[in-house]
Amino acid sequence: MFSRTDVLMAGEVLTPGQDGYDEAAATVFAAGTPDLVVRPRDAREVAAALDYARAARLPVSVRSGGHSPAGHSTSDGGMVIDLRYLRGVRIVDRDARRVRVGAGATWGAVAATLQPAGLALTAGDTASVGVGGLTLAGGVGWMVRRYGLAIDAVTGAEVVTADGKVVRASATEHPDLLWALRGGGGNFGVVVSLDFTAQPVAAVHYGAITYRLDALHVPTLIGGWQDWMRASDESLTTALTLVPVMGQPTLAMLRCCYASADPAAAARALEPFRRLAPVAADEIRVVPYAAVLEEARMPPGVQMQVRNALFRSLDDERAMAIAGLFGEGVAVELRSLGGAFGRVPADATAFAHRDATVLLVAGTMLPAGVAPGVADEALAGWPALAAHASGAYTGFLGPATDADVAAAYPGATYQRLAAVKRRYDPGNVFARNHNIRPAGVGRPPMSA
Ligand SMILES: Cc1cc2nc3c(=O)[nH]c(=O)nc-3n(C[C@H](O)[C@H](O)[C@H](O)COP(=O)(O)OP(=O)(O)OC[C@H]3O[C@@H](n4cnc5c(N)ncnc54)[C@H](O)[C@@H]3O)c2cc1C
(Lines give C-alpha, C1' and ligand atoms only; values in the text may rest on other atoms or scores of the structure.)
Protein backbone atom coordinates (compact mmCIF):
# COMPACT_ATOMS: atom_id res chain seq x y z
CA MET A 1 0.00 0.00 0.00
CA PHE A 2 2.85 2.39 0.84
CA SER A 3 5.86 2.95 -1.30
CA ARG A 4 8.88 2.72 0.97
CA THR A 5 10.69 5.32 -1.11
CA ASP A 6 7.94 7.79 -0.27
CA VAL A 7 8.88 7.63 3.35
CA LEU A 8 12.55 6.66 3.29
CA MET A 9 13.32 10.33 3.82
CA ALA A 10 11.81 9.84 7.23
CA GLY A 11 14.35 7.24 8.43
CA GLU A 12 13.93 3.47 8.75
CA VAL A 13 10.46 2.28 7.74
CA LEU A 14 8.74 -1.02 8.48
CA THR A 15 5.50 -2.14 6.87
CA PRO A 16 3.37 -5.30 7.39
CA GLY A 17 5.05 -8.47 6.14
CA GLN A 18 8.58 -7.13 6.50
CA ASP A 19 11.13 -8.75 8.82
CA GLY A 20 10.97 -7.01 12.16
CA TYR A 21 7.49 -5.53 11.59
CA ASP A 22 5.71 -7.59 14.27
CA GLU A 23 8.25 -6.60 16.91
CA ALA A 24 8.12 -2.97 15.73
CA ALA A 25 4.31 -2.92 15.80
CA ALA A 26 4.01 -4.22 19.39
CA THR A 27 4.47 -2.37 22.65
CA VAL A 28 4.49 -3.65 26.22
CA PHE A 29 0.68 -3.39 26.52
CA ALA A 30 -0.59 -3.76 22.93
CA ALA A 31 0.13 -5.81 19.81
CA GLY A 32 -0.82 -3.18 17.20
CA THR A 33 -1.17 -3.42 13.43
CA PRO A 34 -0.04 0.02 12.18
CA ASP A 35 0.28 0.69 8.45
CA LEU A 36 3.88 1.65 9.01
CA VAL A 37 6.45 2.20 11.74
CA VAL A 38 8.95 4.97 11.05
CA ARG A 39 12.22 5.24 12.98
CA PRO A 40 13.66 8.71 12.42
CA ARG A 41 17.28 9.50 13.24
CA ASP A 42 16.93 13.24 13.85
CA ALA A 43 14.41 16.08 14.09
CA ARG A 44 14.42 16.62 10.33
CA GLU A 45 13.36 13.02 9.75
CA VAL A 46 10.62 13.36 12.39
CA ALA A 47 9.33 16.37 10.43
CA ALA A 48 9.44 14.34 7.18
CA ALA A 49 7.44 11.55 8.84
CA LEU A 50 4.80 14.02 10.05
CA ASP A 51 4.67 15.54 6.59
CA TYR A 52 4.03 12.12 5.06
CA ALA A 53 1.36 11.27 7.63
CA ARG A 54 -0.40 14.57 6.92
CA ALA A 55 -0.37 14.01 3.15
CA ALA A 56 -1.53 10.38 3.50
CA ARG A 57 -4.08 11.32 6.20
CA LEU A 58 -2.63 8.79 8.61
CA PRO A 59 -3.31 9.03 12.34
CA VAL A 60 -0.03 9.31 14.26
CA SER A 61 1.18 7.51 17.39
CA VAL A 62 4.45 8.50 19.04
CA ARG A 63 6.68 6.05 20.91
CA SER A 64 9.75 6.44 23.08
CA GLY A 65 10.06 3.38 25.35
CA GLY A 66 6.72 1.73 24.47
CA HIS A 67 5.37 1.33 28.05
CA SER A 68 2.07 3.22 27.71
CA PRO A 69 -0.46 1.24 29.81
CA ALA A 70 -3.16 2.53 27.44
CA GLY A 71 -1.31 1.05 24.44
CA HIS A 72 -1.13 4.55 22.95
CA SER A 73 2.28 4.09 21.36
CA THR A 74 1.01 1.68 18.73
CA SER A 75 -2.25 1.51 16.76
CA ASP A 76 -4.35 -0.46 14.35
CA GLY A 77 -3.70 1.37 11.09
CA GLY A 78 -1.86 4.69 10.93
CA MET A 79 1.77 5.63 11.48
CA VAL A 80 3.90 4.93 14.52
CA ILE A 81 6.85 7.28 14.98
CA ASP A 82 9.31 5.21 17.01
CA LEU A 83 12.10 7.32 18.53
CA ARG A 84 14.44 4.47 19.51
CA TYR A 85 17.33 5.95 17.50
CA LEU A 86 17.07 9.32 19.26
CA ARG A 87 18.62 8.00 22.43
CA GLY A 88 21.81 10.01 23.08
CA VAL A 89 22.59 10.86 26.71
CA ARG A 90 25.11 13.71 27.09
CA ILE A 91 26.48 15.55 30.09
CA VAL A 92 26.60 19.09 28.71
CA ASP A 93 28.12 20.73 31.81
CA ARG A 94 29.22 18.57 34.76
CA ASP A 95 29.57 21.45 37.21
CA ALA A 96 26.15 22.88 36.43
CA ARG A 97 24.81 19.28 36.20
CA ARG A 98 23.19 20.03 32.84
CA VAL A 99 22.35 16.98 30.74
CA ARG A 100 20.63 16.51 27.39
CA VAL A 101 18.78 13.27 26.73
CA GLY A 102 17.21 11.92 23.54
CA ALA A 103 13.52 11.15 24.10
CA GLY A 104 14.03 7.58 22.87
CA ALA A 105 16.62 6.77 25.55
CA THR A 106 15.64 4.46 28.38
CA TRP A 107 15.97 5.49 32.01
CA GLY A 108 18.37 2.58 32.51
CA ALA A 109 20.72 4.09 29.90
CA VAL A 110 20.40 7.55 31.47
CA ALA A 111 21.28 6.23 34.93
CA ALA A 112 24.24 4.20 33.59
CA THR A 113 25.65 7.23 31.73
CA LEU A 114 25.27 9.66 34.62
CA GLN A 115 26.55 7.28 37.32
CA PRO A 116 30.34 7.65 36.67
CA ALA A 117 29.96 11.44 36.95
CA GLY A 118 28.24 11.11 40.35
CA LEU A 119 24.93 12.27 38.88
CA ALA A 120 21.43 10.83 38.71
CA LEU A 121 17.90 11.78 37.66
CA THR A 122 14.94 10.62 39.70
CA ALA A 123 12.58 9.12 37.13
CA GLY A 124 10.63 5.97 37.76
CA ASP A 125 11.57 2.49 38.88
CA THR A 126 12.08 0.55 35.65
CA ALA A 127 15.15 0.54 33.40
CA SER A 128 13.39 -0.01 30.06
CA VAL A 129 10.78 2.76 30.46
CA GLY A 130 11.35 5.56 27.96
CA VAL A 131 12.47 9.09 28.75
CA GLY A 132 9.85 10.63 26.44
CA GLY A 133 6.66 9.06 27.80
CA LEU A 134 7.56 9.08 31.48
CA THR A 135 8.80 12.67 31.48
CA LEU A 136 5.85 14.08 29.56
CA ALA A 137 3.48 12.39 32.05
CA GLY A 138 5.36 13.71 35.11
CA GLY A 139 7.73 11.00 36.33
CA VAL A 140 7.27 9.63 39.86
CA GLY A 141 10.68 8.23 40.77
CA TRP A 142 12.59 6.78 43.70
CA MET A 143 13.74 10.22 44.87
CA VAL A 144 10.45 12.05 44.31
CA ARG A 145 10.30 13.30 47.91
CA ARG A 146 13.89 14.54 47.80
CA TYR A 147 13.98 16.06 44.28
CA GLY A 148 10.38 16.14 42.99
CA LEU A 149 9.04 14.71 39.75
CA ALA A 150 11.17 14.11 36.64
CA ILE A 151 9.54 17.21 35.12
CA ASP A 152 10.77 19.32 38.02
CA ALA A 153 14.31 18.81 36.67
CA VAL A 154 13.40 19.67 33.04
CA THR A 155 14.75 22.99 31.77
CA GLY A 156 14.14 22.70 28.04
CA ALA A 157 13.10 20.54 25.10
CA GLU A 158 13.47 20.24 21.35
CA VAL A 159 10.10 19.58 19.75
CA VAL A 160 8.81 18.97 16.23
CA THR A 161 5.35 20.51 16.15
CA ALA A 162 2.37 19.30 14.10
CA ASP A 163 3.28 21.59 11.19
CA GLY A 164 6.80 20.11 11.00
CA LYS A 165 8.60 23.07 12.62
CA VAL A 166 11.48 22.30 14.97
CA VAL A 167 11.19 24.51 18.04
CA ARG A 168 13.17 24.84 21.25
CA ALA A 169 11.12 25.28 24.41
CA SER A 170 12.79 26.81 27.45
CA ALA A 171 12.14 29.46 30.10
CA THR A 172 12.74 32.12 27.44
CA GLU A 173 11.65 30.46 24.16
CA HIS A 174 8.11 29.11 23.90
CA PRO A 175 7.71 29.02 27.72
CA ASP A 176 4.03 28.10 27.30
CA LEU A 177 5.08 24.96 25.43
CA LEU A 178 7.64 24.04 28.09
CA TRP A 179 4.98 24.45 30.79
CA ALA A 180 2.60 22.15 28.89
CA LEU A 181 5.24 19.49 28.18
CA ARG A 182 5.90 19.22 31.92
CA GLY A 183 2.99 16.88 32.67
CA GLY A 184 0.68 17.49 29.70
CA GLY A 185 1.73 14.31 27.86
CA GLY A 186 2.35 13.82 24.16
CA ASN A 187 -0.25 16.38 23.10
CA PHE A 188 1.94 19.16 21.74
CA GLY A 189 4.43 17.67 19.29
CA VAL A 190 7.12 15.03 18.96
CA VAL A 191 9.71 15.69 21.65
CA VAL A 192 13.13 14.92 20.26
CA SER A 193 15.27 15.67 23.32
CA LEU A 194 14.93 17.01 26.85
CA ASP A 195 17.32 19.09 28.96
CA PHE A 196 17.54 18.34 32.67
CA THR A 197 19.42 19.53 35.72
CA ALA A 198 20.67 16.27 37.22
CA GLN A 199 20.91 15.52 40.93
CA PRO A 200 24.24 15.06 42.74
CA VAL A 201 23.62 11.44 43.73
CA ALA A 202 26.00 8.52 43.26
CA ALA A 203 24.90 5.89 45.79
CA VAL A 204 21.68 5.37 47.74
CA HIS A 205 20.22 2.95 50.27
CA TYR A 206 17.78 0.77 48.37
CA GLY A 207 15.93 -2.49 48.87
CA ALA A 208 12.82 -4.03 50.39
CA ILE A 209 11.50 -4.82 53.82
CA THR A 210 9.07 -7.74 53.52
CA TYR A 211 6.33 -7.99 56.15
CA ARG A 212 4.44 -11.10 57.14
CA LEU A 213 0.93 -10.17 58.12
CA ASP A 214 -2.61 -11.30 58.54
CA ALA A 215 -4.86 -9.92 55.79
CA LEU A 216 -6.95 -8.34 58.56
CA HIS A 217 -4.02 -6.13 59.51
CA VAL A 218 -3.57 -4.58 56.07
CA PRO A 219 -5.50 -1.37 56.94
CA THR A 220 -3.40 -0.93 60.09
CA LEU A 221 -0.24 -1.37 58.05
CA ILE A 222 -1.43 1.22 55.52
CA GLY A 223 -2.32 3.68 58.29
CA GLY A 224 1.03 3.21 60.05
CA TRP A 225 2.96 3.53 56.81
CA GLN A 226 1.17 6.78 55.99
CA ASP A 227 1.77 8.27 59.45
CA TRP A 228 5.48 7.45 59.46
CA MET A 229 5.96 8.70 55.89
CA ARG A 230 4.41 12.05 56.88
CA ALA A 231 6.98 12.39 59.66
CA SER A 232 9.87 11.04 57.63
CA ASP A 233 13.06 12.58 56.31
CA GLU A 234 12.48 13.70 52.68
CA SER A 235 15.43 11.68 51.48
CA LEU A 236 13.27 8.61 52.05
CA THR A 237 10.78 7.56 49.37
CA THR A 238 8.90 4.28 49.77
CA ALA A 239 6.35 2.14 47.96
CA LEU A 240 4.15 -0.31 49.86
CA THR A 241 3.22 -3.21 47.61
CA LEU A 242 0.53 -5.79 48.32
CA VAL A 243 0.67 -8.64 45.85
CA PRO A 244 -1.95 -11.37 46.14
CA VAL A 245 -0.31 -14.80 46.14
CA MET A 246 -2.75 -17.69 46.10
CA GLY A 247 -2.36 -20.20 48.92
CA GLN A 248 0.48 -18.29 50.60
CA PRO A 249 0.55 -16.20 53.76
CA THR A 250 -0.11 -12.51 53.09
CA LEU A 251 3.10 -10.64 52.36
CA ALA A 252 3.57 -6.95 51.93
CA MET A 253 6.71 -5.43 50.55
CA LEU A 254 7.99 -1.98 51.40
CA ARG A 255 10.49 -0.90 48.77
CA CYS A 256 12.62 1.91 50.11
CA CYS A 257 15.07 4.35 48.60
CA TYR A 258 17.02 6.64 50.90
CA ALA A 259 18.76 9.15 48.64
CA SER A 260 22.14 9.03 50.35
CA ALA A 261 24.86 6.52 51.24
CA ASP A 262 25.08 7.89 54.82
CA PRO A 263 24.41 4.77 56.99
CA ALA A 264 23.45 6.58 60.19
CA ALA A 265 20.94 8.88 58.49
CA ALA A 266 19.42 5.98 56.55
CA ALA A 267 19.14 3.83 59.69
CA ARG A 268 17.34 6.67 61.52
CA ALA A 269 14.87 7.17 58.67
CA LEU A 270 14.19 3.44 58.24
CA GLU A 271 13.89 2.54 61.93
CA PRO A 272 10.09 3.07 62.29
CA PHE A 273 9.43 1.03 59.14
CA ARG A 274 11.39 -1.89 60.60
CA ARG A 275 8.86 -1.98 63.46
CA LEU A 276 5.68 -1.54 61.44
CA ALA A 277 4.80 -5.27 61.20
CA PRO A 278 6.60 -8.61 61.64
CA VAL A 279 9.56 -8.55 59.25
CA ALA A 280 10.16 -11.61 57.06
CA ALA A 281 13.15 -10.13 55.21
CA ASP A 282 15.14 -6.89 55.27
CA GLU A 283 17.30 -6.39 52.20
CA ILE A 284 18.14 -2.71 52.21
CA ARG A 285 21.73 -1.98 51.19
CA VAL A 286 23.91 0.71 49.63
CA VAL A 287 23.91 0.49 45.83
CA PRO A 288 24.85 2.78 42.94
CA TYR A 289 21.71 4.73 41.97
CA ALA A 290 21.71 3.01 38.55
CA ALA A 291 21.14 -0.34 40.33
CA VAL A 292 17.77 0.72 41.74
CA LEU A 293 16.15 0.60 38.31
CA GLU A 294 14.74 -2.87 37.92
CA GLU A 295 13.10 -4.68 35.03
CA ALA A 296 9.47 -5.72 35.03
CA ARG A 297 8.67 -8.73 32.88
CA MET A 298 5.10 -9.36 31.82
CA PRO A 299 4.29 -13.10 31.71
CA PRO A 300 3.43 -14.15 28.12
CA GLY A 301 -0.27 -14.32 27.19
CA VAL A 302 -1.48 -11.90 29.85
CA GLN A 303 -2.36 -8.25 29.85
CA MET A 304 -2.18 -5.94 32.81
CA GLN A 305 -5.00 -3.48 33.49
CA VAL A 306 -3.80 -0.47 35.46
CA ARG A 307 -5.64 2.27 37.35
CA ASN A 308 -4.37 4.91 39.74
CA ALA A 309 -5.53 7.68 42.01
CA LEU A 310 -3.88 10.46 44.02
CA PHE A 311 -4.91 11.08 47.62
CA ARG A 312 -4.29 13.99 49.98
CA SER A 313 -4.65 11.50 52.82
CA LEU A 314 -6.01 8.02 53.46
CA ASP A 315 -8.47 7.73 56.30
CA ASP A 316 -9.51 4.42 57.90
CA GLU A 317 -12.36 3.95 55.46
CA ARG A 318 -10.05 4.29 52.45
CA ALA A 319 -7.41 2.04 54.01
CA MET A 320 -10.18 -0.59 54.48
CA ALA A 321 -11.28 -0.14 50.86
CA ILE A 322 -7.69 -0.64 49.63
CA ALA A 323 -7.41 -3.77 51.77
CA GLY A 324 -10.71 -4.94 50.26
CA LEU A 325 -9.40 -4.47 46.72
CA PHE A 326 -6.31 -6.49 47.63
CA GLY A 327 -8.59 -9.14 49.16
CA GLU A 328 -10.33 -9.41 45.79
CA GLY A 329 -7.06 -10.38 44.13
CA VAL A 330 -5.95 -6.96 42.86
CA ALA A 331 -2.26 -5.99 43.20
CA VAL A 332 -1.93 -2.66 44.98
CA GLU A 333 0.98 -0.26 45.31
CA LEU A 334 1.01 2.86 47.49
CA ARG A 335 3.76 5.33 46.62
CA SER A 336 4.76 8.07 49.03
CA LEU A 337 4.73 11.66 47.79
CA GLY A 338 5.16 14.94 49.67
CA GLY A 339 8.50 16.63 50.37
CA ALA A 340 10.04 18.43 47.36
CA PHE A 341 7.21 17.16 45.14
CA GLY A 342 4.69 19.05 47.25
CA ARG A 343 6.59 22.35 47.35
CA VAL A 344 6.24 22.98 43.59
CA PRO A 345 3.29 25.37 43.06
CA ALA A 346 0.26 23.68 41.47
CA ASP A 347 0.39 26.00 38.45
CA ALA A 348 4.16 25.80 37.85
CA THR A 349 3.80 22.70 35.66
CA ALA A 350 0.92 20.84 34.00
CA PHE A 351 1.03 18.28 36.86
CA ALA A 352 -1.22 20.15 39.29
CA HIS A 353 -1.83 17.63 42.08
CA ARG A 354 0.97 18.81 44.32
CA ASP A 355 -1.06 18.42 47.50
CA ALA A 356 -1.28 14.64 47.06
CA THR A 357 0.69 12.58 49.57
CA VAL A 358 -0.07 9.11 48.19
CA LEU A 359 -0.20 7.69 44.66
CA LEU A 360 -2.25 4.49 44.66
CA VAL A 361 -1.71 2.16 41.70
CA ALA A 362 -3.92 -0.92 41.25
CA GLY A 363 -3.38 -3.59 38.65
CA THR A 364 -4.82 -6.90 37.64
CA MET A 365 -3.54 -9.52 35.21
CA LEU A 366 -5.99 -10.86 32.64
CA PRO A 367 -5.63 -13.22 29.69
CA ALA A 368 -4.57 -11.22 26.61
CA GLY A 369 -7.41 -10.11 24.37
CA VAL A 370 -10.27 -10.20 26.90
CA ALA A 371 -13.16 -7.78 26.32
CA PRO A 372 -12.82 -4.37 28.03
CA GLY A 373 -15.76 -5.15 30.35
CA VAL A 374 -13.83 -8.02 31.94
CA ALA A 375 -11.20 -5.60 33.24
CA ASP A 376 -13.91 -3.44 34.80
CA GLU A 377 -15.36 -6.53 36.49
CA ALA A 378 -11.95 -7.56 37.85
CA LEU A 379 -11.53 -4.04 39.22
CA ALA A 380 -15.14 -3.71 40.43
CA GLY A 381 -14.03 -2.22 43.77
CA TRP A 382 -12.00 0.51 42.08
CA PRO A 383 -14.61 3.20 41.21
CA ALA A 384 -15.84 3.52 44.81
CA LEU A 385 -12.26 4.02 46.00
CA ALA A 386 -11.31 6.41 43.18
CA ALA A 387 -14.38 8.53 43.95
CA HIS A 388 -12.56 9.75 47.10
CA ALA A 389 -9.35 10.63 45.22
CA SER A 390 -8.11 14.14 44.52
CA GLY A 391 -6.78 13.31 41.05
CA ALA A 392 -5.03 10.80 38.79
CA TYR A 393 -1.68 10.38 37.03
CA THR A 394 -1.69 9.70 33.27
CA GLY A 395 1.51 7.59 33.46
CA PHE A 396 -0.35 4.75 35.17
CA LEU A 397 -3.74 5.20 33.49
CA GLY A 398 -4.91 2.27 31.33
CA PRO A 399 -8.16 3.93 30.23
CA ALA A 400 -8.26 7.37 28.59
CA THR A 401 -11.89 8.45 28.77
CA ASP A 402 -12.92 12.09 29.21
CA ALA A 403 -13.40 11.35 32.91
CA ASP A 404 -9.81 10.03 33.14
CA VAL A 405 -8.46 13.15 31.44
CA ALA A 406 -10.52 15.35 33.77
CA ALA A 407 -9.15 13.45 36.80
CA ALA A 408 -5.59 14.08 35.62
CA TYR A 409 -6.04 17.76 34.73
CA PRO A 410 -8.18 19.96 36.99
CA GLY A 411 -10.26 22.67 35.26
CA ALA A 412 -7.76 25.56 35.24
CA THR A 413 -4.89 23.28 34.14
CA TYR A 414 -6.99 21.78 31.38
CA GLN A 415 -8.05 25.21 30.06
CA ARG A 416 -4.44 26.37 29.95
CA LEU A 417 -3.34 23.14 28.22
CA ALA A 418 -6.15 23.53 25.68
CA ALA A 419 -4.91 27.04 24.82
CA VAL A 420 -1.34 25.75 24.31
CA LYS A 421 -2.75 22.87 22.25
CA ARG A 422 -4.60 25.30 19.99
CA ARG A 423 -1.34 27.18 19.38
CA TYR A 424 0.90 24.17 18.63
CA ASP A 425 -1.50 21.45 17.40
CA PRO A 426 -4.78 23.07 16.32
CA GLY A 427 -5.75 20.06 14.18
CA ASN A 428 -5.21 17.58 17.05
CA VAL A 429 -2.65 15.54 15.07
CA PHE A 430 -1.37 14.23 18.41
CA ALA A 431 -4.63 12.68 19.57
CA ARG A 432 -3.53 9.19 20.58
CA ASN A 433 -2.89 10.01 24.22
CA HIS A 434 -4.81 11.32 27.23
CA ASN A 435 -6.11 13.90 24.87
CA ILE A 436 -6.29 17.64 25.36
CA ARG A 437 -8.59 19.14 22.75
CA PRO A 438 -7.55 22.44 21.19
CA ALA A 439 -9.39 25.31 22.92
CA GLY A 440 -12.57 26.15 21.06
CA VAL A 441 -12.82 22.69 19.45
CA GLY A 442 -15.34 20.26 20.92
CA ARG A 443 -16.40 19.88 24.53
CA PRO A 444 -13.83 19.99 27.30
CA PRO A 445 -13.77 16.62 29.13
CA MET A 446 -15.16 18.00 32.39
CA SER A 447 -18.54 18.47 30.71
CA ALA A 448 -18.60 14.83 29.57
C1 LIG B 1 6.74 -1.51 34.04
C2 LIG B 1 6.38 -0.06 34.18
C3 LIG B 1 6.93 0.70 35.20
C4 LIG B 1 6.62 2.05 35.31
N5 LIG B 1 7.16 2.76 36.34
C6 LIG B 1 6.90 4.08 36.45
C7 LIG B 1 7.45 4.84 37.50
O8 LIG B 1 8.17 4.34 38.36
N9 LIG B 1 7.13 6.16 37.56
C10 LIG B 1 6.33 6.76 36.65
O11 LIG B 1 6.11 7.96 36.74
N12 LIG B 1 5.77 6.06 35.65
C13 LIG B 1 6.03 4.74 35.54
N14 LIG B 1 5.43 4.01 34.56
C15 LIG B 1 4.48 4.68 33.68
C16 LIG B 1 5.23 5.36 32.57
O17 LIG B 1 5.66 6.63 32.97
C18 LIG B 1 4.31 5.54 31.35
O19 LIG B 1 3.88 4.28 30.94
C20 LIG B 1 5.07 6.23 30.22
O21 LIG B 1 4.15 6.60 29.24
C22 LIG B 1 6.10 5.31 29.61
O23 LIG B 1 6.96 6.03 28.78
P24 LIG B 1 7.50 5.32 27.46
O25 LIG B 1 8.28 6.33 26.70
O26 LIG B 1 8.15 4.03 27.80
O27 LIG B 1 6.12 4.99 26.76
P28 LIG B 1 5.54 5.15 25.29
O29 LIG B 1 4.50 4.10 25.23
O30 LIG B 1 6.61 5.15 24.28
O31 LIG B 1 4.90 6.57 25.33
C32 LIG B 1 3.70 6.81 26.03
C33 LIG B 1 3.00 7.98 25.40
O34 LIG B 1 3.74 9.17 25.65
C35 LIG B 1 3.74 10.00 24.50
N36 LIG B 1 5.12 10.11 24.04
C37 LIG B 1 6.14 9.25 24.29
N38 LIG B 1 7.28 9.74 23.81
C39 LIG B 1 6.98 10.90 23.22
C40 LIG B 1 7.74 11.89 22.57
N41 LIG B 1 9.06 11.76 22.43
N42 LIG B 1 7.14 12.98 22.06
C43 LIG B 1 5.79 13.14 22.23
N44 LIG B 1 5.01 12.25 22.86
C45 LIG B 1 5.61 11.14 23.36
C46 LIG B 1 2.83 9.35 23.49
O47 LIG B 1 1.53 9.87 23.64
C48 LIG B 1 2.87 7.90 23.89
O49 LIG B 1 1.72 7.19 23.53
C50 LIG B 1 5.73 2.66 34.41
C51 LIG B 1 5.14 1.89 33.39
C52 LIG B 1 5.46 0.56 33.28
C53 LIG B 1 4.82 -0.24 32.20
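Which strands does helix H3 (residues 43–56) lie across, and at about what angle does H3 run to S7? The structure is a predicted model, in which local features need pLDDT of at least 70 and side-chain atom pairs count only at pLDDT 80 or more, while totals for chains, interfaces and linings use all residues. Residues are numbered from 1 along each chain as its sequence is written. Helix H3 lies across strands S7 (154–160), S8 and S9, and runs at about 50 degrees to S7; helices (H or I, at least four residues) and strands (E, at least two) are DSSP runs numbered from the N terminus, and axes are lines fitted to C-alpha atoms, for helices over the stretch in contact, with angles running from 0 to 180 degrees between N-to-C directions. Residues are in contact if their C-beta atoms, placed from the backbone, lie within 7 Å.

An open sheet of five strands has the order S5-S6-S9-S7-S8, with antiparallel pairing, where two strands pair if DSSP finds at least two bridges between them. Strands S5 (89–93) and S8 (166–169) stand at the edges with a single partner strand each, so one side of each is left without a neighbour in the sheet. Within the sheet, S6 (residues 98–102) and S9 (residues 190–197) pair in the antiparallel sense over five bridges, and Val99 stands opposite Phe196 in S9.

Elsewhere, the axes of helix H8 (residues 218–231) and helix H10 (residues 316–327) come within 8 Å and cross at roughly 130 degrees. Residues of H8 that meet H10 include Val218 and Ile222, and their counterparts in H10 include Ala319 and Phe326.

Terms used: Two residues are in contact if their C-beta atoms, placed from the backbone, lie within 7 Å.
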